[in-house]
Amino acid sequence: MMLSLLPQLIVSGISSGMLYALIALSMTVVYRATTVVNFGQGDMVSAGAYAVFVFGMGFGLPFLVAMALALALLFVAGFAMQRWLMQPIIAGPHLSLAMMALAVGYTLRGALRLEWGNETINLTRPYPQDVYMLGNVVITTDDVAICGFVLLLFAALFVLLQVTPLGKVIQATFQSQRGAALVGINVPAFHATMWGGGAALGAIGGVLLAMITPLTPDLGQWTLVQGFAAMTLGGFGSLGGAVAGGILLGLTEKLLGFYVNTMFIEITGYLVPILVLMLRPQGLFGRRAVVRV
Amino acid sequence: MAGASQGTGLRRLFWVIPLAMLPLPLWLNPYQQYVLNTALVYVPVGIGFNLVVGNLGLLAFSNVAYFGLGAYTSGILTASLGLPWWLTIIPAAIVGGIAGFVASIPALRGVRLFYLAIMTLAFGELMRWTYIRWETLTGGSMGMAVPTATLFGWRLDSDRSRFYAFLILTVLVVAATDRLLRSRFGRAFMAIKDNELAAAAMGIRTDRYIVLTFAWGGAVVGIGGSMFAISVGHLSPVSFDLTELVLQFAIIMVGGLGSLAGSIIGAAVITVLPQIFISFPGFEELVFGLLIILIILFLPRGLASLLARLHPAFVERYYRG
């Protein structure tokens, strides 16, 4: 009885894990490019979902158009945030950078709450809501849409990074900012672009998240912690690690939640960063996160 | 040097400020009195936070956890065991201090920068989850009522009477922290913040100072939590979420990082400011967010640095750059 539910748990674990992976990836892109963690990323994610809501349901645009507009908007927001808010203080203490990002997130969240208060908004799915049976495993169209879309996105990113000339530039700058600057890469522009890209990626995560949970302004808070958990589990700064960490986090949450105690569904995201950083600071695939003094 | 010694002499005059505040309740209406009390609650909260973040320069985001633990300690001890409030101040400080000690463990193991920020953020959220789930003690998400406080048998049943208790506690916290910062501890903090490795090489036991600061900060914030508990009279987990964290961050950023006077100024400004606006849900977050952005961009040392420009008496020698 207990074990027969295992395949079902794995399916739903992977499904939510894919979302965490996407959010962690969007944070990792920013971190790898600028060595700054965007503490406002959670709110960028929910802002993306709200933007789709406004364009789609407010202006009545078709879903894909609304999504494209939302991505463009978030890209611009991320770009502008790096260019005008982070870049001027980039040489300052880490605390200012963290606070700045957190403050931008709060401003966003406050604006969302001011407009939509504490009402919950449900995005209409652009696909029919249905379930498929695979043996005795229930797979919803949400699972299919989320996994399919995220995998497609990962494939596109992989090709972008490995094959295209732009990917070469990105990889070069990831490796050494100074070296990249020496061979003529415009590093500040690159930073801003990666922040924009990270925000747009996060927005996609937000839209997919809005398929399965109602939208509230507080979604960003939860998203941030889950993204951190996936990121630390996989190892800070590792793109593959972010994906693996996200999926592993989704699975752990569901399996512990079912076999040990339901409370683990709520607290796995909090426990994982604490335990990982204490026991194995480099995560599964990352570099050491510890400063020896 | 002349300026500095002149400043030191003048600094004694700062103790006139709490004395001058004594007759304030005569002129304030109950609402203004409540706002003033809240400002006093946030003075120790800001001081404890500022010690770790400003003076020591470590990115620890777990301040709300100490605050909540202090508040719930006082709340639970008075509600369940029927202890008078004044007897619960020390336990609240101890619980806050222990939480600070726990939060310092990763820092001791060399977790720094964003990693420390993430861990302490998760710690704070875990605590909030605990308040929600430990329903028998905390009343869960509905919260718990805190009985009317008593101070040596004297019932603190009005904001006016609580004001005097809060003022005394706040002055004690400020005085003790001022002493701490002006001792060799303060100079050690400065050395650690500037360059931890160099400080260690000079023979400063950086690990001890880090533990001490976290524990002291946690204890002070715990006292603030205890004051908060009786000031609002009702505790619920919502009071200790990430929005509260930004409020506390706004206090130290707006007041001035690493400045004792800054924590006090920040507590006053951030408490009074939202009262000026008509409050809509979300408005506070928006205003505090924008305020922090502007401060970081244009006044990175906060309002305290404006005062320091006016007169050398306001320069705090145990903190620089």
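Trainee: Of the contacts in chain B with a separation of 6 or more, what share joins residues 24 or more positions apart?

Mentor: Two residues are in contact if their C-beta atoms, placed from the backbone, lie within 7 Å. Take the contacts in chain B with a separation of 6 or more; the share from residues 24 or more positions apart is 79%.

Trainee: What pLDDT do side-chain atom pairs need to count?

Mentor: Residues are numbered from 1 along each chain as its sequence is written, while chains are lettered from A and ligands numbered from 1 in the order in which they are written. The model is predicted: totals for chains, interfaces and linings use all residues, local features need pLDDT of at least 70, and side-chain atom pairs count only at pLDDT 80 or more.

Trainee: What radius of gyration does chain B have?

Mentor: The C-alpha atoms of chain B fill a box of roughly 50 × 45 × 40 Å along the principal axes. The radius of gyration is taken over C-alpha atoms, and the globule rule is 2.2 Å times the number of residues to the power 0.38. For 321 residues a compact globule would be near 20 Å, which agrees with chain B at 19 Å.

Trainee: What percentage of chain B is buried?

Mentor: Count the other C-beta atoms, placed from the backbone, within 10 Å of a residue's own: 20 or more means buried, 12 or fewer exposed, and in between partly exposed. Among the 321 residues of chain B, the buried share is 53%.

Trainee: Is B:Leu26 buried or exposed?

Mentor: B:Leu26 sits in the loop between helix H2 (16-21) and helix H3 (30-55) of chain B. Helices are DSSP runs of H or I with at least four residues, strands are runs of E with at least two, and both are numbered from the N terminus. Because B:Leu26 has 7 other C-beta atoms within 10 Å, the residue is exposed.

Trainee: How many strands does chain A have?

Mentor: From the N terminus, its elements run α-α-α-α-β-β-α-α-α-α-α-α-α. That gives 11 helices and 2 strands.

Trainee: Which residue in the hairpin turn of chain A has a positive phi?

Mentor: Strands pair if DSSP finds at least two bridges between them. E1 (131-134) and E2 (137-140) of chain A pair in the antiparallel sense over 4 bridges, with A:Val131 opposite A:Thr140. The two strands form a hairpin with 2 residues between them, and a positive phi of about 65° belongs to A:Gly135.

Trainee: Which element gives the largest share of the side of chain A that touches chain B?

Mentor: Here 41 residues of chain A contact 42 of chain B. Elements giving two or more residues to chain A's side are helices H4 (94-116), H9 (219-234) and H11 (263-279). The largest share, 16 residues, comes from H4(A).

Trainee: How many charged residues are on that side of chain A?

Mentor: Ala, Val, Leu, Ile, Met, Phe, Trp, Tyr, Cys and Pro count as nonpolar, Asp, Glu, Lys and Arg as charged, and the others, Gly among them, as polar. The side divides into 29 nonpolar, 8 polar and, as charged residues, 4.
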